[in-house]
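Keep the coordinates open as you go.

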Amino acid sequence: SALYVLPPGFVESSCHSRIFWMKLNKLLLQGKFFQLEINDPYAGPILLDAKLASRCGYVLSEDVWGNPIFRASVLGCHVANEADELFSLTVNIKVSSFSSMRAAVTYTYPMYCSYSAWASREIVCEENYMEVSVKTNVPAVSNDYTVAWLSALPETQNVAYQLWQLMFVSPSGRKTITVSDAAKLGYSFNNTLSRVYLRAPYHSNESDVSVVSGVNMNMVTSTSMYRQRWLLLLIDTTVSCPVDGISFTDTTLTWTVPSVIPTLVVQESTFLSKNILMGVDGQVIVNPEEKNYLLEHNKTHIGITIPIGAEGGKLKSSISGGVYGVIYSIDLFLEHTWTDADWQTTKYTVIKSITTPFMPQIPTVINNTLPEERLFNVAFGHFLPDVSLVAIAIGNVPFTLREAQHHGFKIYEIPFSNRTKGFILEVSFDDLYVLKEYVNRNETKYTLLVNYTISVGPETTLYYHSAEVECVIADIELPEAVGYCDEENLYLAIPTYGLHQYWNLYLGNKLLTQHVAFTNGYLAATNSTHLILQIPLFAMGVIYEEVSFQKIKARFDVALRKVRTMETLQMFSVSCNFNSSAFIICHSDGTIMISAQMKTVPAIDMSKTKLRDSSCKPREYNEGHAFFKFHVTTCGTSVRFEGDHIIYENEISYEKETLPGQSIPTITRDPDYRLTVLCYYRAKETLVLGAIASDASTSPAFGSGTMVPRSNIAVYRRIRQALNVVARVSKDESFVEFYEPKVAILKRPTEPVFLEVELKDKSPDTELYLENCWVTGSLDFNSTPRWNITVDGQVVIERPMHS
């Protein structure tokens with residue numbers, strides 16, 4: 001593959017803590033594949049893989065922003081070393097559009113580092129390896145270690161001449177191997193001009209885990225041995241690195257490293273901490289508190305506490321189990337320098353990449369609705385910049401963002417605090433997809449059902465969140481009716497806006513429909529704005545507040561009720577006074593009020609009119625009218641059933657004067673005056689015949705009444721047709737023997753009476769009905785008391801009681 005000039009900004013590198021740091025720009029790698037090769041000065045390029053990396057002191061990972069990161073120890077396998085001061089390493093960066101890496105472009109990148117301030121012992125704890133480097137001119141054997149060294153002496157007899165060997169001490173025992181054999185186990189050992197170093201993988205067979213101040217430490221205890229003529233060199237190359245020590249709260253992460261590691265500090269009483277440095281993303285942080293980092297240390301611990309979301313780290317959106325949340329990552333390093341009696345100076349560097357567990361952050365829906373503008377304003381957040389809104393559904397109708405904008409929904413992004421953002425949605429109350437419900441007296445509840453679809457992270461995982469926002473505003477005007485009257489009718493004009501949509505009109509408990517209006521004798525007409533009801537004065541449903549001689553105060557009520565709940569919101573009433581010369585009013589409590597008009601020639605004295613019971617006289621009268629008020633159970637009122645009606649009947653008649661003391665009636669000029677009064681009540685509705693607390697005059701009319709005049713006056717004159725009707729009483733049920741006419745018949749109360757009424761006429765258009773038949777105590781038809789046998793053709797059991 002050809003060599004190319006590096007694109008500007010593709011690579012940046014630095015040196016820190018005797019480590020080469022190289023970062024590739026992920027933006028220039030988008031959609032591409034890359035590999036790293038290490039340039040061996042003798043063998044040429046070697047492809048970097050995980051096994052080579054941990055043995056040779058290399059790390060290939062990503063920083064928290066997703067940029068590829070390469071780190072290499074200056075003591076790495078392929079690093080050129082000049083006098084332990086100047087170090088160089090060349091890497092090849094291969095970039096291809098194909099995963100097979102064909103047609104790759106190769107960029108060669110040399111790196112240089114200088115480092116001369118070596119400590120007696122330097123330890124690096126990397127992500128994939130542990131490394132210890134020791135000066136060869138330091139005293140290697142401590143007095144405290146005498147026993148250990150003496151026990152090791154027999155082993156030293158076997159140390160090969162002019163060849164480094166390694167002795168590992170682990171729970172499984174002691175093991176001495178050559179450097180080349182150690183390399184096969186993943187270790188790397190070498191010596192430079194003035195140093196020896198050992199690199200070990202984590203969790204090898206020769207390693208051990210111990211807990212130091214609550215932190216798990218991975219430890220390789222080893223001695224490097226070299227023999228040359230009279231010299232035996234034994235160097236302690238023990239290394240120990242933390243493998244955990246990370247804890248989280250809802251708002252912070254804390255990384256803890258032990259201050260004193262016993263296997264690295266033999267004489268703890270001589271331990272002295274000299275300097276502690278922390279770094280983020282490869283950069284030393286001089287004043288951690290300026291960035292809200294907390295660096296603390298005491299005799300046992302060094303602790304770094306970082307607020308979740310702090311600068312230097314990265315918050316990333318994530319979806320777990322259908323729940324939105326965030327993950328925070330930060331790349332830290334810690335450099336601790338100390339002295340002790342054995343080692344003079346130790347520089348201890350730990351590099352740690354930390355990622356929090358998934359932290360659910362249920363998005364919130366903030367209702368900023370403006371009722372006065374009739375506009376839903378809904379904010380949806382908070383989200384990190386790696387989230388985008390891709391679709392919404394309003395009232396379960398899906399829209400892409402383009403469709404939503406085209407429909408008239410407004411959607412835009414809004415920045416929040418802490419580098420987060422949200423999405424604003426504006427929808428008019430009057431939009432087709434907003435649910436509308438009539439509530440309370442005059443309010444509408446508008447409900448916006450939203451389902452958001454957001455795309456999360458570079459993986460563009462979809463996340464759904466639904467919300468329901470309500471707003472209730474008083475934007476419905478209750479109608480006001482206008483009432484008026486003419487001489488015979490009451491009128492109500494009611495606005496039609498909202499009728500049958502929000503509310504209905506009720507007459508009592510009955511929905512006022514065209515059919516009900518027609519049945520009750522009302523006229524209902526509508527124009528563009530109003531329904532006009534015409535109610536005749538004597539129609540069903542009219543309430544008579546005052547009834548007196550020639551005057552009626554009448555009222556008509558219609559209830560405005562909510563369509564669904566039937567709750568009464570308003571009563572529409574019209575009330576008027578009427579002058580009426582002739583009327584009949586049948587009240588629900590059984591009270592009947594009649595204003596009877598005299599239409600006879602010549603005139604009669606209205607004070608002498610009466611009902612069937614002659615003791616029932618008019619309450620008020622003048623020359624032309626008489627006013628009666630009585631109950632259906634009094635004044636000789638009869639009752640009959642007809643279909644689904646109960647009919648009460650009475651009769652107003654005029655008592656003709658007779659000359660006293662003469663047995664033969666006198667011929668007078670008084671005309672015949674008979675007025676039949678009928679009150680109709682629905683049988684299914686209860687008629688109150690008992691005592692009633694309220695004043696009967698204000699209760700609603702219940703029945704309907706008619707007055708049928710029967711007179712021979714000119715106005716109603718008709719020729720009376722004489723019919724041949726014969727009535728007889730049979731002696732028994734055989735109807736063979738009959739009593740003589742005009743003979744008193746005496747019967748016990750329990751004995752039956754057999755009646756026969758016969759129409760002798762053969763006229764085809766004449767029918768015979770037996771209406772009323774009664775028994776009296778004398779020959780006078782009108783004498784009282786009287787007992788009914790049949791009433792309106794129905795047999796009734798009403799017998800006189802004998803003492």
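Predicted model: local features only at pLDDT ≥ 70, side-chain atom pairs only at ≥ 80, totals over all residues.

Two strands count as paired if DSSP finds at least two bridges between them.

**Exercise 1. Work out the layout of the sheet that contains β40, and find which strands stand at its edges.**

Step 1. Begin with one pair. β40 pairs with β41, residues 489-495, in the antiparallel sense. Four bridges join β40 and β41, where the definition asks for at least two.

Step 2. Opposite V482 stands A493, a residue of β41.

Step 3. Extend to the whole sheet. Four strands follow the order β40-β41-β45-β44. The pairing is antiparallel and the sheet is open.

Step 4. Read off the edges. β40 (482-485) and β44 (523-526) each have a single partner strand, so one side of each has no neighbour in the sheet.

Step 5. From one strand to the next it averages 15 degrees.

**Exercise 2. Describe the second largest pocket: what is its volume, and which element gives the most to its lining?**

Step 1. Take the volume. It is about 1100 Å³.

Step 2. Locate the centre. The lining has 41 residues, and W65, K314, L315, K316 and D386 are the closest to the centre.

Step 3. Assign elements. Those giving two or more residues to the lining are β27 (314-320), β28 (323-340), β29 (344-355), β30 (359-360) and β32 (375-383).

Step 4. β28 gives the most, with five residues.

Step 5. Sort the lining by class. There are 17 nonpolar, 13 polar and 11 charged residues.

Technical notes. Residues numbered from 1 in each chain as written. Heavy atoms only, no water. Axes fitted to C-alpha atoms, helices over the stretch in contact; angles between N-to-C directions. 1 Å grid on protein atoms, 1.4 Å probe; cavity = no way out; pocket = protein on both sides within 12 Å on 5 of 7 lines; lining within 4 Å. Points joined across faces, edges and corners; volume = space filled by probe spheres on them. Nonpolar A, V, L, I, M, F, W, Y, C, P; charged D, E, K, R; others polar.
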